[in-house]
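Biologist: Please pick one part of this model, look at it closely, and then relate it to the rest of the chain. Give the cut-offs as you go.

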Amino acid sequence: MFAPPSPSLPRALPAEHRERLLAAAREVSFPQGTRLFEEGGRADRFLVIRTGTVELDMRVPGRRPVVIERLGHNELVGWSWLFRPHVWHLGAEAATPVRAYEFDAASVLALCDGDPELGREVTRWVGEVVAHRLHSARVRLLDLFGPYGAGAAV
């Protein structure tokens, strides 16, 4: 659980930290087509998907939002809650019915402040996800708008 979205990324959170975080979660579900959050909105929570698929998207002027990445089982949805100015950098929509654990950002930040080791692990975990998402966004945008083959993996 809480594994990064790519096997090439380092390990997930240690079990003791996963359990502490999970104790702060609440179970939620969303029907297909539900907007989970909008790019530019206030980032005050995050999710870990139990079942279903969430699409991350970005606004492109003059076009429909572009899907950057599809997330599934055990993947983190939302990292903007951890970094100022706490504003969503992407939008998210339930592509299928979704069941997830939802975490209140303020509660998790308070847990992290009270336990610096937990805070380091959460920051490392989320940082790894951010790095992966930035790479995915770059590749996807090059695929859509760059010259042929520009988005190919190096």
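**An enclosed strand and its setting**

Modeller: Strand E5 (residues 66-71) is largely enclosed by the rest of the structure, because five of its six residues are buried. Buried means under 20% relative accessible area, exposed over 50% and partly exposed in between, with a 1.4 Å probe and protein chains only. Strands (E, at least two residues) and helices (H or I, at least four) are DSSP runs numbered from the N terminus. The model is predicted: local features need pLDDT of at least 70, side-chain atom pairs count only at pLDDT 80 or more, and totals for chains, interfaces and linings use all residues. Residues are numbered from 1 along each chain as its sequence is written, and side-chain values use heavy atoms, leaving out hydrogens and water.

E5 pairs with strand E4 (residues 54-58) in the antiparallel sense, over five bridges; pairing requires at least two bridges found by DSSP.

Next, an open sheet. Four strands with antiparallel pairing lie in the order E1-E8-E3-E6. Its edges are strand E1 (26-30) and strand E6 (76-77), each pairing on one side only. E6 runs antiparallel to strand E3 (residues 45-51), to which two bridges join it; leucine 47 has valine 77 of E6 as its bridge partner. Helix H2 (residues 105-114) packs on this sheet, touching E3 and strand E8 (98-104), and its direction makes about 55° with that of E8. Contact here means heavy atoms within 4.5 Å; axes are lines fitted to C-alpha atoms, for helices over the stretch in contact, and angles run from 0 to 180 degrees between N-to-C directions.

Beyond its neighbours within four places in sequence, valine 126 contacts Leu76, Trp79, Trp81, Leu82 and Phe83.

H3 also meets helix H1 (residues 15-23): their axes come within 10 Å and cross at roughly 90°. Glu16, His17, Arg20 and Leu21 of H1 make this contact with Glu117, Leu118, Glu121, Val122 and Trp125 of H3.

Over the whole chain of 154 residues, 44% count as buried.
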